Amino acid sequence: MSKGAIGKNVDMTTGVVWKQLIIFAIPLILGDMLQQLYSTVDSIIVGQYVGKTALAAVTSPETLINAIIGMSSGLSLGATIMAARYFGARDDKKVSDTVHTSMAIALGIGIIMTIIGLVFAPAMLRVLKTPDDVFPEADSYLSIYFTGMIGLVVYNMASGLLRAFGDSVRPLISLGITSVINVVLDIILVVFFNMGVVGTAIATIVAIYASAIYLVIRLMETKESYRLNLLKLRYNKSIANSIYAIGIPNGIQKSLVAFSNLFVIANINAFGSGASAAWGVFRRLDSFIIHMIANIGAAESTFVSQNVGARKEDRIKESMKFSIILCFTLAAVLDILLMIFRYAFIGIFSTDPEVMYYGSIIFMTSLWFQPFNGFCHGLAGVIRGYGDGKGPSYIVILCMVVLRQIYLNIGIHFTNSIAFVVSCYPFAWVLNAIILTFYYFYKKKNGQLKLPD
């Protein structure tokens, strides 16, 4: 592959498998870590300079935000897999059609997400049982945040397309630039101008739009077959349907899991603002691990998809073993570190005794089982790379939505401890790992995960 204006593309159909996967995955991981970092900086600055309720206002709506944008993230994954397949098959026309159709979809979804967020966010905060002392600031934060939805959806789609073509460096560069913008604006607006959660929300959306604009410009400047021309945005029904076939199940999965998380958070919020802030701190730190293993799974999907297009089954098998082992091991090592140094990590955000108390319980209940979640991301990445977006998504919905809610709703009548509430996550991860393993071997045995004819 050539080195164009976008950067060096990684052709994952040749070369040493584990090296190719690592070379491609590292910028994804670093980029997501930067994204998580500037979200974490928001929380640290708000927690240290504004207070406990403001910290809860910034962190507790995160699951609601994920629920709203879940569908767009799923469609981005669908576009990535289809674009990577055509790229691996060297079909330049379908590559171009995929780019323009995907960006047209992104603009439409961005507008819809903005409207949904602005209209329904206050009601959802009530469903979350957001504490009364947190609600006004959480509502202000969300009202501003959702004006950035178009930028966020366009960024996700543009970065997904670049990654499909083996370019994981430009998304990393964009996040580096916008992380600096976000942190600088946080300090100026929150610390010096005392704007509280409003200031951190403004800093976030400015960073989001800067990132989206940067990647769109990069797509427009390339000389490769995937060059974007905004005047030629079009909706190719056949390609859109292929994107939907993979992306919609994944989007539904993300949205339903996020909405299901809202009910878990509602149970946590019932313990008060200290528990709410502690959960927010945990999710901020845990997100570094989750996103790391999720990005390895995403890299595996792109790797598999390119090699499906190039019809190289041996490379797919080798990459599967490596990605699963890597996801499991990374999660195990990082979880152990978080548990050992939990008080130090929590103290970065807040030294409030109540936050420390609940945070320790949450860490020690959940993190022992996170490696099973790592295993699931590695294996699901393989299955999705073959073009099967439904199976992994439906299994996640079964485990993380249906069975988890049954577990929680029955058990809460027998014990009213925050440890039990949090334990619904490990319960679902273990079930997901077991069922997904059986699903993969069943599909392989019946010839349903195979190279195209």
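Tutor: Glu221 counts as partly exposed, at 36% relative accessibility, a class that lies between buried (under 20% relative accessible area) and exposed (over 50%), with a 1.4 Å probe and protein chains only. The model is predicted, so local features need pLDDT of at least 70 and side-chain atom pairs count only at pLDDT 80 or more, while totals for chains, interfaces and linings use all residues. Residues are numbered from 1 along each chain as its sequence is written, and side-chain values use heavy atoms, without hydrogens and water.

Glu221 forms a salt bridge with Arg218, their closest N and O atoms being 2.3 Å apart, where the term requires a side-chain nitrogen of Lys or Arg within 4 Å of a carboxyl oxygen of Asp or Glu.

The whole structure holds six salt bridges. Among them, Arg283 pairs with Asp286 at 3.4 Å between the closest N and O atoms, again three residues apart in a helix, here α10, and both partners are buried. Glu313 and Lys444 form a salt bridge with their closest N and O atoms 3.2 Å apart; Glu313 lies in helix α11 (residues 313-340) and Lys444 in helix α16 (residues 418-445), so the pair ties together parts 131 residues apart in sequence. Glu313 is buried at 19%, whereas Lys444 is partly exposed at 24%. Lys93, Asp97 and Arg234 are linked in a salt-bridge network.

How values were computed: Helix = DSSP H or I, 4+ residues; strand = E, 2+ residues; numbered from the N terminus.
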